[in-house]
Amino acid sequence: MRSGDPQRQPAAGWLFIAPMIVILGLFLVGPIVMALWVSVSDWTGRGSPFSGNVDFVGLKHYRDMLATEGLARQDFMISLRNTFYYVLGVVPVQTVLALLLAVIVNQKFLKGRTFFRTAFYFPSVVSSVAISLVFLFLFTGTGAVNRFLGLLGISGPNWFADARGVLHLIGDGIGLWNMGSPPAFLTDTRVMNLSLWEWFSGPSVAMSAIMLQVVWTTAGTFMLMFLAALQDLPAEVDEAAMVDGANKWQRFMNVTIPHLRPTILLVITLGIIGTWQVFDQVYVMTSGAPAKTTLTPAYLSYSTAFNQLNFPRGAAMAFLLFLLIFALTQLQRWLLRDKDEVARRRAERQQRRQRRQGRTTTTAGEAAIARTTVEEAQS
C-alpha cells in the first residue's frame with residue numbers, strides 16, 4: 001500500500017539525490033566547463049581563467065594542432081599515429097585472449113578453476129604503476145626477457161630505447177625495403193606534417209613492450225565479463241545443438257558467439273576507450289621516448305599543460321581526444337550492430353507508424369461523417 005502524499009514523492013526523490021548532483025556539478029561538470037573555456041582562451045595559468053585579463057581566442061589552439069604547419073601539429077599527429085597502432089594491436093589481442101581464458105576457466109572438468117580465475121584476474125587489481133616498474137626491469141637490455149631470448153639464440157633489443165617501427169623491421173626482414181634508405185615515394189610524400197614512411201612505421205619496439213604489459217593486465221578484467229556471459233548461456237540451447245550433431249567448434253561459433261555478442265560489443269567499446277586514454281604506462285616507462293614513438297594524446301596533453309605550461313593547448317588536446325574516442329566508439333557500435341535486431345526494430349516502428357496513420361484516417365472519416373450528418377439535419 002502506498003503511503004504519503006503522491007504529490008510530495010517527486011520532491012522527496014530530488015531531495016535524496018541533491019547531494020550527489022551537487023558533488024557531480026562541483027567536481028565533474030564544473031571542471032569540464034572550465035577546461036572548455038580554457039581551450040578557447042589565452043589563459044597563462046596565473047590567476048583565475050575567468051578573470052578580465054583572459055581573452056577569448058576562439059579555435060586558435062585547435063587550428064594549431066589540425067590545420068597549422070608547425071611542431072604542435074607534428075607532435076599531435078605523431079601521438080595519433082602511435083596510439084592508432086597501439087589500439088590496433090591491443091584491443092583485438094586482449095579481446096581474444098580474454099575470451100579464450102573465459103572459455104578455459106568455464107570448463108567443468110578443469111580442476112582448481114577458482115585458483116586459475118584468481119590468477120588470471122590478479123594482474124588487473126594490481127597497481128598499473130607497480131606493474132609498469134616490474135616490466136621496466138624485465139625488458140631492459142640485460143633483463144629477464146632478453147636473457148630468455150638469449151637461451152633461444154636471439155639477441156633481444158634494448159626494448160624501451162628502441163625507436164624502430166615493427167612494420168619497418170618486418171619489411172626490411174623480408175626484403176621489401178632497406179631501412180637505411182627507404183623508398184623515396186614514402187619519404188617524400190607528406191600528410192599532416194608526417195611522411196608516409198613515418199605513418200606506416202607501425203608501433204615501435206618500445207611501444208610493443210608497453211602493449212604486451214597492457215594486454216597482460218587488462219585481459220583478466222574482460223575475462224570476468226565473458227565468464228559471466230558464458231555462465232548465463234542456457235544449457236538446453238547447447239544441448240539442442242549437440243543433439244543436432246554439431247561439434248564443439250560449430251556449437252562455439254553458432255551458439256556461444258551469438259550469445260556473447262552484447263558482451264563482445266561491451267569489451268571492444270571499453271577496450272577502445274581505455275587504449276585511446278593510455279597514460280600511466282607511458283608516464284612511468286618512457287615519458288614519450290624514444291624519439292616520441294610512445295607519445296600518446298593523453299600524455300601529450302599532460303606534458304603540454306603541466307610541463308610546457310601551455311594550458312589552453314593541453315585542454316584543446318583533451319577535447320579533441322574526447323571527440324575522437326566518441327566518433328570511434330559510435331563507428332564501432334555501428335559496425336558490430338545486430339542487423340537482425342535493427343531490422344526488427346525498424347519493422348516495429350513502421351507498424352506503429354502505419355497504425356497511427358490508420359487511426360488518423362479513421363478519425364478524419366468519422367469527422368467527415370459527423371459534418372455531413374449535421375449539415376443534413378440543418379437542411
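Leaving aside neighbours within four places in sequence, which residues is T256 in contact with? I looked this up in a predicted model. The contacts are L230, L233 and R251.

**Entry 1: T256 and helix α12**

I placed T256 in helix α12. I then checked its accessibility. The relative accessible area of T256 is 8%, so T256 is buried; the cut-off for buried is under 20%.

Next I followed α12 to its partner. Helix α12 covers residues 248–259, and helix α13 covers residues 261–276. I wanted two values for this pair. Two packed helices are described by the angle between their axes and the distance between the axes. Here the axes come within 4 Å and cross at roughly 60 degrees.

Sorted by class, the contact has 4 nonpolar, 1 polar and 1 charged residues.

**Entry 2: T275 in helix α13**

I stayed with α13 and moved to T275, which lies in this helix. Is T275 buried or exposed? T275 counts as buried, because its relative accessibility is 3%.

I looked at its side chain next. A polar atom of the T275 side chain lies 2.7 Å from the backbone oxygen of G271. I also listed the contacts of T275, leaving aside neighbours within four places in sequence. They are T83, Y86, V87, V90 and V91.

**Entry 3: the buried side of α5**

I turned to helix α5, residues 128–138. Which residues of α5 are buried? I found I131, S132 and F135 buried in this helix. They cover an arc of only 105 degrees around the axis, so they sit on the same side of α5. I noted the general rule beside this. An α-helix has 3.6 residues a turn, so residues three or four places apart point the same way.

What covers the buried residues of α5? The cover includes α4 (113–125), α10 (205–231) and α14 (280–285).

**Entry 4: M285 in helix α14**

I picked M285 from α14. M285 counts as buried, because its relative accessibility is 9%. I listed what M285 touches, not counting residues up to four places away in sequence. The list is S132, F135, L136, F160, I210 and Q213. Two of these names were already in my notes: S132 and F135 are buried in α5.

I also checked M285 against V134. How many residues apart are they in sequence? They are 151 residues apart in sequence, and 9.9 Å apart in space, C-alpha to C-alpha.

**Entry 5: the loop between α14 and α15**

I went on to the loop between α14 and α15 (297–307), where P290 lies. I checked the peptide bond joining A289 and P290. That bond is cis, with omega about -5 degrees.

A291 is found in this loop too. Its phi is positive, about 55 degrees, although A291 is not a glycine. A291 counts as exposed, because its relative accessibility is 64%; the cut-off for exposed is over 50%.

K292 also has its place in the loop between α14 and α15. What is the phi of K292? I read a positive value of about 65 degrees, although K292 is not a glycine. K292 counts as partly exposed, because its relative accessibility is 34%.

Key:
Residues numbered from 1 in each chain as written. Predicted model: local features only at pLDDT ≥ 70, side-chain atom pairs only at ≥ 80, totals over all residues. Heavy atoms only, no water. Axes fitted to C-alpha atoms, helices over the stretch in contact; angles between N-to-C directions. Helix = DSSP H or I, 4+ residues; strand = E, 2+ residues; numbered from the N terminus. Nonpolar A, V, L, I, M, F, W, Y, C, P; charged D, E, K, R; others polar. Buried < 20%, exposed > 50% of the residue type's maximum accessible area, 1.4 Å probe, protein only. Polar contact = N/O pair within 3.5 Å; in protein donor to acceptor, adjacent residues only side chain to side chain. Contact = heavy atoms within 4.5 Å. Arc of directions from axis to C-beta.
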